[in-house]
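The entries follow in the order in which I made them.

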Amino acid sequence: MNQPAALPGAPGAPTSPAARRRARAVLGLTLAVGVGLPGLLFGLIVALTPLRTVVPAGWSEGQVFLLHAVGLAVLAVVLVTFGAVVSGITVWWEMRVFARMSSRVGYNRVGAGGFLQWVADAVKLLLKEDLVPADADAVLFRAAPYFVIVGFALTFVVLPFGESLVAADLNVGVLYVLSVTALVVVGILIAGWSSNSKWSLFGGMRSAAQVISYEIPAGLAAMVPVLMAGTLSMQDMIRAQGAWPWEWNVFTNPFALVAFVVFFIAQLAEGNRTPFDLPEAESELVAGYLSEYSSFRFAIYFLVEFGNLWVMSAIAVTLFLGGWQVPFVGPEVYAAARGAPGSIPGAGWWGLQVLSMVVFVVKTLAVLNLIVWIRWTLPRIRVDQMMSLCWKYLVPFAFACFVGTLFWQLLVTAAPWAARATGYALTAGFLVTAFFFLRLTLRNVSAAGDRVDLTNW
Amino acid sequence: MTEQEVHERLSARFGDEVGPLGEPKADPFCLVRAARIADVCRFAKEDPALAMDLLEDLTAVDAPKRNVIEVVYHLFSYRHRHAIVLKVEADRAAPRVPTVEGVWRAATWFEREVYDLFGVEFSGHGDLRRILLPDDWIGHPLRKDYQEAGGYRGIDNVRENPLVELRRLDERARALRQPEATVAPLAPAPAPATPAPGEKA
Amino acid sequence: MAQNVRAYAAAVGTTVRSIWHGMSVTLSHLLRRPVTVQYPDRTPLPVRDTLPARYRGFLEVDPAICTGCQACERACPINCIAITLEKDPANPKQRLVTQFDIDEAKCMYCGLCVEPCPTGSIQHTREFEASSADLRTLTFRWAEKPFPVYKVAKDATYYPRAPLGSILRPMLEARRWDARGPEFLPPEPPKVTPDAPPRAPGAAGAAAPSRAAAGKEHKP
Amino acid sequence: MERLILRRLQADGEEMILNFGPQHPSTHGVINFMVETDGEVIRKAIPDVGYLHRSIEKIGEQVGYPGFMPFTDRIDYVAAMFPNEGYAIAVERLLQVEVPPRAQWLRAISCELCRIASHLISVGTMAMDIGAFTPMLHGVRERETVNDLMEALCGSRLTYNYHRIGGVAFDLPEGWRDRTLRFLDHFDRFLVEFDRLISFNEVFVKRLAGVAIIPAPLAVDYGLSGPNLRGSGVDFDLRRDMPYAAYPHFRFQIPVGKGFVGTVGDAFDRFYVRCLEMAESSKIVRQALESLPDGEYMAKVPRRIKPEPGEAMSRVESARGEMAYYVVSDGTEKAARVRVRTGSFTAMGIVDAISPGLMVADLVALIASLDVVAPEIDR
């Protein structure tokens, strides 16, 4: 009989030396961050850059077609992988943040700071048995996760990661996003119905009611930046905004500020995030529409749920927060770095692309953190309150903003300084609010007799 | 009011049907004729001087020596902060007591529990089902003569006692050490002696 | 109407204000130190050594000062202690403890056995890490070798007890978590009394002798 | 019953039977509710208890008087001091033993700390059931400190077995008093923070205000007790109104539901009464630690406890309402009957009456606000 390795900490087991532990952690993090992330980002950049811009002049039709075909395949793989990795990292980050908020350490065993925990979780889920309940509608039950992941992956097509880093800059970008995200609901509804479980059915029904209701305020609020930019294309909407906060949609127009809040809340609801996580309310519906799922199918739902955080944040950043705009880098800088059309752009241009992407990612992460933070602070609302919030509060506000923006645009056309002044005023207001908030936070720490201590992060 | 005063008031209304207040050391109680318990309770609750608005506890005690099951009512008044303990005796063979569910709703569950664990029938109870034990349980466990079946639906609840088994092993080892003792050859250890499902009552 | 508008605005206001406070509380916790104790391997001391002295862990018996009074056996509400006393064949005046078994798998660590012990021989230690793959290995045999009972000197105020844990700890360290316990003997056939007809084993009321000996042996 | 419901179901075909439990995240143990719903609205929720029945009352007849004490821990393992105390008082009344003052004080201290620990779980899980996870973990964090104190006091974190017939098992350990006072200082601040984190969060308030209202007469009729009863506006607390142990010596308030944000007797009142009670318990522990008398912590009790025939009832204000022990002695070393009346049992009985018309999410709030603990229902 083989002696199994002694459990750590069990009587007699050697406590692992700190040095070895550190080395292992460093290795894990290096592998993950050092190889994985840059690789992915690089792949993303290459794949997302519209191939047209890099095709050298003089290539034959066939060659260009082949290049496009290969490029699209790479693009698809990279985007879906990016979605999965981002969702995994989001899980890790969310759990770390949540742990701190509840005075715990959180993930800390797999990789440095538990960074690779999501990989371990994914592997574990993949190794589990794929169960289909006996009385479930097997075909629909198996099909539902694909609806969900397709709806999720398709949004990446129009997400503008950088100045030229977008898979396809559709001229109906916003409408496209609103429509493909609706596919997720179809998947959830199918999952809820086909599981043949009452909990799942409850979850599916709640989800359908919720997402369809909140599409309306979300759509109305999204129309505000559309009106301001005069276009539906995601890239053009970003180009219509500036790099500095006082040039963002959210601050140049008071109605847009309200619209942003409405849009943000509606997005929380569409993404089934607390306080709108009714479809999978753990303490009520066990796991809602997910109750009967296991293994890979379950993993897909989770991938989508957390990946959606990224999508939600990215869309909010695009519409309201200036997207990838880098300060001091205007369109003429890009054009200059690009060089002559038909030639492969130089290193400067690529550098600018990376820079714009970094700006976009940072903003997106900030919004993502806000969502995470809200989730671990707020309780869940009830299904009737969810409805009344939507129809009594969000829809009127969104509509008022929509109408208000119409007049605002008239005003701004007449007096362009109004937008600029509002931008300064609202930005200042935001900073003051943030200052008071941080002061309150620090006072909370001292009021509890504690002190700020970040050593154990 | 003290217990004596409460008891006097009850006796004044019901006469002999409310027995004398006992004199045990800790808590005195008085015996009530089973058929009148619901009336006595209703009076105790509705009489403004008594106002026993809380049925604090309703339980039973099995007394096989006297061949009765005593049903015990602990009443309390929030308004007057006084209490009284009433008891009713029921025949062990077919215990039957009128329900007080109509007086206090709390009695619904208390009586269900007494029915479950003692088998006392509360006549007039609206929902007299077992509450703690499964519906198909046999017997009423808090009766003194209850014999445990040793399992439920083939699920054994007996674990080998290592203290006894080790002693047996010791004795056997000692017997083996003494050459004159003859020891029966050991059969290979069989599976734990769990009776087949269904054999349990 | 004005009332309604005011209520509507107040609802929005209180919501924002309460969320403002709640979120600042959660954010402030991001800045504080977590309280998690990373048992078992990332604690500055082994957790065993951080436990208070009164901690009720595994029982330990010091045979050197056991008087064989069986007070602990009587005090145990669940009969998880078994003590057998015999006369020493070599010295009839000396009594031997030939069995002192504690079924730690059944023990509920209530500490009632410790209280009546006249010499403090039986004590709770701070050991608690002894998970095992076989329940039988959790029966600790304190009289593996029969030991003579301890004679308490008159007006003794001190008993030479081995340091707490010094006997149990080597026993735990010697154990492997997946060790198997001893094979028990097959159950004895039920005794058939001449005047009662044999009943099916396991039927209600027909407790097998071993079960009768086992006393209250019902899993919760 | 199932058949009955099914027949009704077939009649109109609009309702659904939902088996809410026995393994459900918010049933706080193993309880089953047969919920008849019409969409999200509950027509009726019928509690089905007994999954955790361990026949503790029967065990009480089979082990001796002192030996039953550890079993009482298991009656309510979230707040095990109260069953300890209740049983000890009942047997002391049978034996007519006078408990020394120091033991009375130690009982009050341990019980009030235990009440804090229990209410922390209660309000924390309530927030969790409503969907906020963080407050629950904050509650558990504070509870851990209480557990550490208990561990230092009596050697165990959960099943204390601290009280004895005639007193308590141990005196205070060294340094315990200061540790406890430090904790209480911290704890009072924690309560303020907790209120800001969750109690008055508008989403939370909206989920609980006016939900599952239990009017005072109904609460009394169903025998509700403790915070559930006080949440309905009935100003009654055994510690003040039927004093036992050392409570007459302390000054404290009895928080009563006033309809803090909605109607008297709603789920929020029951929740907030517990929050306020924690602050009062903290006060009591401070006073008790300051006025702790010297002397014995254990009365002279015969080694073989053999009360004369008779019966005694003890009523203790447990964290989950009134806990009453009814002990009948027949003159032997084993009780003839040990009956435990618990707050959760009566609280569970009212679900039937309150649930119609609630939503599924409100049922969760109702169960959480009643603070039932399954082992205490089933015993």
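I began with Ser55(D), which lies in the loop between S3 and helix H2 (56–62) of chain D; helices (H or I, at least four residues) and strands (E, at least two) are DSSP runs, numbered from the N terminus. Its phi is near 50°, a positive value in a residue other than glycine. I noted beside this that most residues other than glycine have a negative phi. Ser55(D) is partly exposed, because 19 other C-beta atoms lie within 10 Å; a residue is buried if 20 or more other C-beta atoms, placed from the backbone, lie within 10 Å of its own, exposed if 12 or fewer, and partly exposed in between.

A note on reading the entries: this is a predicted model, in which local features need pLDDT of at least 70 and side-chain atom pairs count only at pLDDT 80 or more, while totals for chains, interfaces and linings use all residues. Residues are numbered from 1 along each chain as its sequence is written, and chains are lettered from A and ligands numbered from 1 in the order in which they are written.

Next I looked up Ala212(D), in the loop between helix H8 (202–208) and helix H9 (216–221) of chain D. Its phi is also positive, near 50°, but Ala212(D) counts as buried because it has 24 C-beta neighbours inside 10 Å.

I then turned to the sheet of chain D, an open one of three strands in the order S1-S2-S3 with antiparallel pairing; two strands pair if DSSP finds at least two bridges between them. Strand S1 (16–20) and S3 stand at the edges with a single partner strand each, so one side of each has no neighbour in the sheet. Neighbouring strands are turned by 20° against each other on average, direction ignored. S1(D) and S2(D) are joined by five bridges, and Met16(D) stands opposite Thr37(D) in S2(D). Between S2 (residues 32–38) and S3 (residues 41–48) of chain D I found seven bridges, with Val35(D) partnered by Ala45(D). These two strands form a hairpin with two residues between them, and Gly39(D) in the turn has a positive phi of about 65°.

How do helix H5 and helix H15 of chain D cross? The axes of H5 (residues 101–130) and H15 (residues 360–370) come within 9 Å and cross at roughly 175°, the axes being lines fitted to C-alpha atoms over the stretch in contact, with angles from 0 to 180 degrees between N-to-C directions. That makes H5(D) roughly antiparallel to H15(D), since angles under 35 degrees count as roughly parallel, over 145 as roughly antiparallel, 65 to 115 as roughly perpendicular and the rest as oblique. Among the residues that meet are Thr125(D) and Met126(D) in H5(D), and Val364(D) and Ala365(D) in H15(D); contact requires C-beta atoms, placed from the backbone, to lie within 7 Å.

Asp237(D) came next, in the loop between helix H10 (227–231) and helix H11 (238–241) of chain D. Asp237(D) counts as buried, because 24 C-beta neighbours lie inside 10 Å. Leaving aside neighbours within four places in sequence, Asp237(D) is in contact with Arg230(D), Ile254(D) and Glu317(D).

My last entry is on chain C, where the peptide bond from Tyr39(C) to Pro40(C) is cis, with omega near 0°. Pro40(C) is found in the loop between helix H1 (2–30) and helix H2 (47–50) of chain C.

Conventions. Two residues are in contact if their C-beta atoms, placed from the backbone, lie within 7 Å.
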